Amino acid sequence: MKRKIIQIGNRTKSVTLPQTWVNKFELNKGDHLEVSEVGDELVLKTGNKGNKELEIDLKGINKTTIEEAIVSPYQFGYDKLTLKFDPISTCIWDNKEIDTRKIIQDQCNELIGFECINLGREEAVIRDIMGVSAEDFDSVLRRIFLLLRSFSKDVHTGIKDKNSDLLSFVSDQSKSMRKYLRYCLRYLSKVGEGDKTPIYLYLISILDQARVGLRFVIKMHQSTNIKEDYSKAALDVIEGISGLFDDTYSVYYKFSMKKSSDIFKKRSKLVKKCYALAGSKNKADAVISQRLIHVMNTVWNINKVCIALNMGDEK
């Protein structure tokens, strides 16, 4: 539909809102709308009106499924969940019995803006108390990029210096990063980024794969029974991967095709070195090389997203 711009005074311009949309969300004089700029589009958000609600029966359900039954609606933009459950639930890994209320509260603590406003013995109500915004999305996305840069540096330092405490800290922080990724998915479900929304959804998926990839490098390093030390070549590859995350941050926030091309070149050289490690007689090098290649593949895909987001925009 089209709307004519109305001039009010010397500088102010306005447009009218479709009456059907106003009626649907019960908007009145004085109500606030959130306005976000997405390329050449303006996106209007109505706050808490017209919220999506869901009732979920979780009786007889295990801990893992309960957690996913809370996370998935959050990511898909639901604003209120009413849960019915058994007082005690079971963990699928060790059959340990857990108070279901603790499962629900712990999961809400990992979801930005989701609060359990009523937590009874067999029923809970969870509600979004802060909404989403384009400004928060930008800040959270930058936070994810910065964390990945920090993680990659700490992985290199921790392995090189045999600092198990640092590696354990990074592994724990990597898990906590999930709340930022989930918030981004929620924003993209509720507001989106116009015709670039599918690209951003892919970006969030790849950033999560990078997070998991770095965490598995740590887990493989910590769990292996191999007594050999990593060679200097292996440590150089890990340091090179850290440099790639610096480069992807740079190219995302200040894109140039030249910088993007350099990332592909650096990544290709590191992959060749990694293949050499895979065939090494040093068992430690051979084992960890598998995970390093996976992490470098995520860098490749992040770089592809940067190109897709900036096609036609570079000057």
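1. Arg101 and its partner. With a relative accessible area of 33%, Arg101 is partly exposed. Its side chain forms a salt bridge with Asp99, and the closest N and O atoms of the two are 3.1 Å apart. Asp99 also counts as partly exposed, at 30% relative accessibility. The model is a predicted one, so local features are given only where pLDDT is at least 70.

2. Lys266 and Asp247. These two residues form a salt bridge, with 3.1 Å between the closest N and O atoms. Lys266 sits in helix α9 and Asp247 in helix α8 (residues 232–253), so the bridge ties together parts that are 19 residues apart in sequence. Lys266 is partly exposed at 42% relative accessible area, and Asp247 counts as partly exposed at 22%.

3. Which parts of the chain does the Lys190 and Asp79 pair tie together? Lys190 lies in helix α6 (residues 178–190), while Asp79 lies in the loop between α2 (63–75) and β6 (80–84), so the parts tied together are 111 residues apart in sequence.

4. Are Lys190 and Asp79 buried or partly exposed? Asp79 has a relative accessible area of 4% and is buried, because buried means under 20%. Lys190, in contrast, is partly exposed, with a relative accessible area of 27%.

5. The salt-bridge total. The count for the structure comes to 18 salt bridges.

6. Positive patch. Lys265, Lys269, Lys272 and Lys273 gather in a patch of positive charge on the surface. One of them, Lys272, is found in helix α9, which covers residues 257–278. Lys272 has a relative accessible area of 63% and is exposed. Helix α9 also holds Lys266, the salt-bridge partner of Asp247 discussed in point 2.

7. Nonpolar patch. Leu17, Leu33, Val35, Leu42 and Leu44 make a nonpolar surface patch of about 400 Å². Where does Leu17 lie? Leu17 is placed in the loop between β2 (12–14) and α1 (19–24). At 33% relative accessibility, Leu17 counts as partly exposed.

8. Cysteines. How many disulfides does the structure hold? It holds zero disulfides. Cys184 is in no disulfide, and the nearest cysteine sulfur, that of Cys306, is 14 Å away. For comparison, a disulfide would need the two sulfur atoms within 2.5 Å. Cys184 is buried, with a relative accessible area of 0%. Cys274 is likewise buried, with a relative accessible area of 0%.

9. Positive phi at Asn95. Asn95 is a residue other than glycine with a positive phi, near 60 degrees. Asn95 is found in the loop between β7 (88–90) and β8 (97–99). At 60% relative accessibility, Asn95 counts as exposed.

10. Positive phi at Lys162. Lys162 is not a glycine, yet its phi is positive, at about 55 degrees. The residue lies in the loop between α4 (134–160) and α5 (164–176). Lys162 counts as exposed, with 60% relative accessibility.

11. Overall layout. The protein has ten helices and ten strands. Its C-alpha atoms fill a box of roughly 75 × 60 × 25 Å, taken along the principal axes. Of its 315 residues, 41% count as buried. Among the buried residues are Asp79, Cys184 and Cys274.

Terms used:
Residues are numbered from 1 along each chain as its sequence is written. This is a predicted model: local features need pLDDT of at least 70, side-chain atom pairs count only at pLDDT 80 or more; totals for chains, interfaces and linings use all residues. Side-chain values use heavy atoms; hydrogens and water are left out. Patches are made of residues with over 30% relative accessible area and no salt bridge: like charges are joined within 9 Å, nonpolar side chains (Val, Leu, Ile, Met, Phe, Trp, Tyr) within 5 Å. Accessible areas come from the Shrake-Rupley method with a 1.4 Å probe; for residues, only the protein chains shown count as cover. A salt bridge is a side-chain nitrogen of Lys or Arg within 4 Å of a carboxyl oxygen of Asp or Glu. Lys and Arg count as positive and Asp and Glu as negative; His and the chain ends are not counted. The place of a charge is taken as NZ of Lys, CZ of Arg, CG of Asp or CD of Glu. Helices (H or I, at least four residues) and strands (E, at least two) are DSSP runs, numbered from the N terminus. Buried means under 20% relative accessible area, exposed over 50%, partly exposed in between (1.4 Å probe, protein chains only).
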